[in-house]
Amino acid sequence: QVQLEESGGGVVQAGGSLRLSCAASGRTFTIYYAMGWFRQAPGKEREFVATINWSGSTPSYADSVKGRFTISKDNAKKTVTLQMNSLKPEDTAIYYCAAKRPSASSYGNWGQGTQVTVSS
């Protein structure tokens, strides 16, 4: 069983920054899980934002956030962080933390989400 708890959402003006954090816990969670961030805007489907492999050496980003967002993983603390800079109104969404166990082909563990609102 894996629990993911996000924090750090809020309201910010365009051009500002926010830092999202996700803490993982649970009996079956290990540092070998890949982790990521996804988001869902009103009326849209959930989309990929950024993921990172278990060691934190290989991040991956959606084109829409490349150069503005940075994902990082701290295996000692069992956390994953998304630093979001130069935020745009189109970044407004609920942001979800996700985890993928080593043998899985897709992300199967999800947090409840945290709201990010960027005002123009």
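The model is a predicted one, and the values below were computed from it.

**Overall form**

The chain contains 11 strands and 0 helices, so that, read from the N terminus, its elements follow the order β-β-β-β-β-β-β-β-β-β-β. Its radius of gyration is 14 Å, close to the 14 Å that the globule rule gives for 120 residues, and the chain is therefore as compact as a globular protein of that length. Taken along the principal axes, the box filled by the C-alpha atoms is roughly 40 × 25 × 25 Å. Of the 120 residues, 41% are buried, and the accessible surface of the chain amounts to about 6,400 Å², with 47% of it belonging to carbon and sulfur atoms. Among contacts between residues at least 6 apart in sequence, 53% join residues that are at least 24 apart.

**The core**

Which residues have the most contacts inside the largest nonpolar core? They are M35, W37, L82, M84 and Y95, in a core of 29 residues. The elements that give two or more residues to this core are β3 (18–25), β4 (34–40), β5 (47–52), β7 (69–74), β8 (79–84), β9 (93–100) and β11 (114–119).

| Residue | Relative accessible area | Class |
|---|---|---|
| G15 | 54% | exposed |
| K78 | 34% | partly exposed |
| S86 | 40% | partly exposed |
| E5 | 60% | exposed |

E5 belongs to strand β1, which covers residues 3–7. Once residues up to four places away in sequence are set aside, E5 touches S21, C22 and A23. The C-alpha atoms of E5 and A98 are 9.7 Å apart in space, although 93 residues separate the two in sequence. Is E5 buried or exposed? With a relative accessible area of 60%, E5 counts as exposed, because the class of exposed residues begins over 50%.

G15 sits in the loop between β2 (10–13) and β3. Apart from neighbours within four places in sequence, G15 is in contact with S86 and L87. The C-alpha atom of G15 is also separated by 6.4 Å from that of K88, which is 73 residues away along the chain.

S86, one of the contacts of G15, has its place in the loop between β8 and β9. Phi of S86 is near 50°, which is a positive value in a residue other than glycine. At 40% relative accessibility, S86 counts as partly exposed, because that class lies between the limits of 20% and 50%.

K78 is found in the loop between β7 and β8. What is the phi of K78, given that K78 is not a glycine? Phi of K78 is positive, at about 60°, and the residue is partly exposed, with a relative accessible area of 34%.

Notes. Residues are numbered from 1 along each chain as its sequence is written. This is a predicted model: local features need pLDDT of at least 70, side-chain atom pairs count only at pLDDT 80 or more; totals for chains, interfaces and linings use all residues. Side-chain values use heavy atoms; hydrogens and water are left out. A nonpolar core is a set of buried Ala, Val, Leu, Ile, Met, Phe, Trp, Tyr and Cys residues joined through side-chain atoms within 4.5 Å. Buried means under 20% relative accessible area, exposed over 50%, partly exposed in between (1.4 Å probe, protein chains only). Helices (H or I, at least four residues) and strands (E, at least two) are DSSP runs, numbered from the N terminus. The radius of gyration is taken over C-alpha atoms; the globule rule is 2.2 Å times the number of residues to the power 0.38. Contact means heavy atoms within 4.5 Å. Accessible areas come from the Shrake-Rupley method with a 1.4 Å probe; for residues, only the protein chains shown count as cover.
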